[in-house]
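Visitor: I am new to reading protein models. Could you walk me through this one?

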Amino acid sequence: MAIIKNGVNGTVSGKAGSVVFVLTKTGNYVRALPRIKKREPSPEQLLSRTRFKIVRSHISLLNPIIKIGFKAYSYPKRAYDGAMSYNLNEALIQKEDGFEVNWLKFMIAKGSPNPITSYTMDFDQENRVLRVTWEYDAYLEKKFDTRFYDSFLVLYNAACNGVEYPLLTNDSKNSLITGKQDIIISKHGKEATYEVYIFFVESYGGGNTDSLHLGSVKV
């Protein structure tokens, strides 16, 4: 119901018929009431919403890393939007009972080709240190000038919404040509499975490589 303030010559606020009167600091405005959608969403719309919800749940948790890994790829759009779009199109597998993420194709960084050609992962249970060592393609390293890019090792526990990654400090930085990177994994009350990713970031500037899924580790 619309209310008239200060008599017939005063201001009006509230709903009247198919319009609503809005009082703001800059004056009075009349807006049409929003239409209420009565139709149920189509199967295609429900499917799209499900896909979006699944990818968004992971991208949101990984957003601090996404901001680095998709910064150059998405510009001038937000890194978050670029990561959402890419993984919606590339990283979902449709099953009879819904969708699941293909972690091999899921990307936390997009840039120049990742130069790693082979790698090993070793977990020191006593000290809870995961060490990744790698060999790289010298041609790709030279072509994209990634020789001194810093390695960025990321562990993502999708089931328990946990993310482990080293801060890029001077003490933790290892370049591509170093061929190895360590990460200390926090201790939890029960066994956890992490999806392991690595990409390389330019020390000064916005360049980076694609992320590479190295596999899963149980700790």
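Guide: Let us begin with a term we will need: a residue counts as exposed when its relative accessible area is over 50%, as buried when that area is under 20%, and as partly exposed in between. Please keep in mind that this is a predicted model.

Visitor: Is aspartate 145 buried or exposed?
Guide: The relative accessible area of aspartate 145 is 57%. The cut-off for exposed is over 50%, so aspartate 145 is exposed.

Visitor: Where does aspartate 145 lie, and what is its phi near?
Guide: Aspartate 145 lies in the loop between α5 (138-143) and β9 (150-157). Its phi is positive, although the residue is not a glycine. The value is near 55 degrees.

Visitor: Arginine 128 has a positive phi too; is that residue buried or exposed?
Guide: Phi of arginine 128 is near 55 degrees, and the residue lies in the loop between β7 and β8 (129-136). Its relative accessible area is 13%. Buried means under 20%, so arginine 128 is buried.

Visitor: Let us turn to salt bridges. How many are there?
Guide: The rule asks for a side-chain nitrogen of Lys or Arg within 4 Å of a carboxyl oxygen of Asp or Glu. Counted that way, the number of salt bridges is four.

Visitor: Which residue does aspartate 81 meet in a salt bridge?
Guide: Aspartate 81 is partly exposed, at 33% relative accessibility. Its partner's side chain comes to 2.9 Å, N to O.

Visitor: What is the N to O distance between glutamate 100 and lysine 95?
Guide: Glutamate 100 is partly exposed, with a relative accessible area of 38%. Lysine 95 is partly exposed as well, at 40%. Their side chains meet in a salt bridge, and the N to O distance is 4.0 Å.

Visitor: Lysine 110 forms a salt bridge with aspartate 210; how many residues apart in sequence are the parts that this pair ties together?
Guide: The closest N and O atoms of lysine 110 and aspartate 210 are 3.6 Å apart. Lysine 110 lies in the loop between β6 (98-101) and β7 (116-124), while aspartate 210 lies in the loop between β12 (193-201) and β13 (212-218). The pair therefore ties together parts whose separation in sequence is 100 residues.

Visitor: Are lysine 110 and aspartate 210 buried or exposed?
Guide: Buried stands for a relative accessible area under 20%. Lysine 110 falls in that class, and aspartate 210 does too: both are buried.

Definitions and conventions: Residues are numbered from 1 along each chain as its sequence is written. This is a predicted model: local features need pLDDT of at least 70, side-chain atom pairs count only at pLDDT 80 or more; totals for chains, interfaces and linings use all residues. Side-chain values use heavy atoms; hydrogens and water are left out. Buried means under 20% relative accessible area, exposed over 50%, partly exposed in between (1.4 Å probe, protein chains only). Helices (H or I, at least four residues) and strands (E, at least two) are DSSP runs, numbered from the N terminus.
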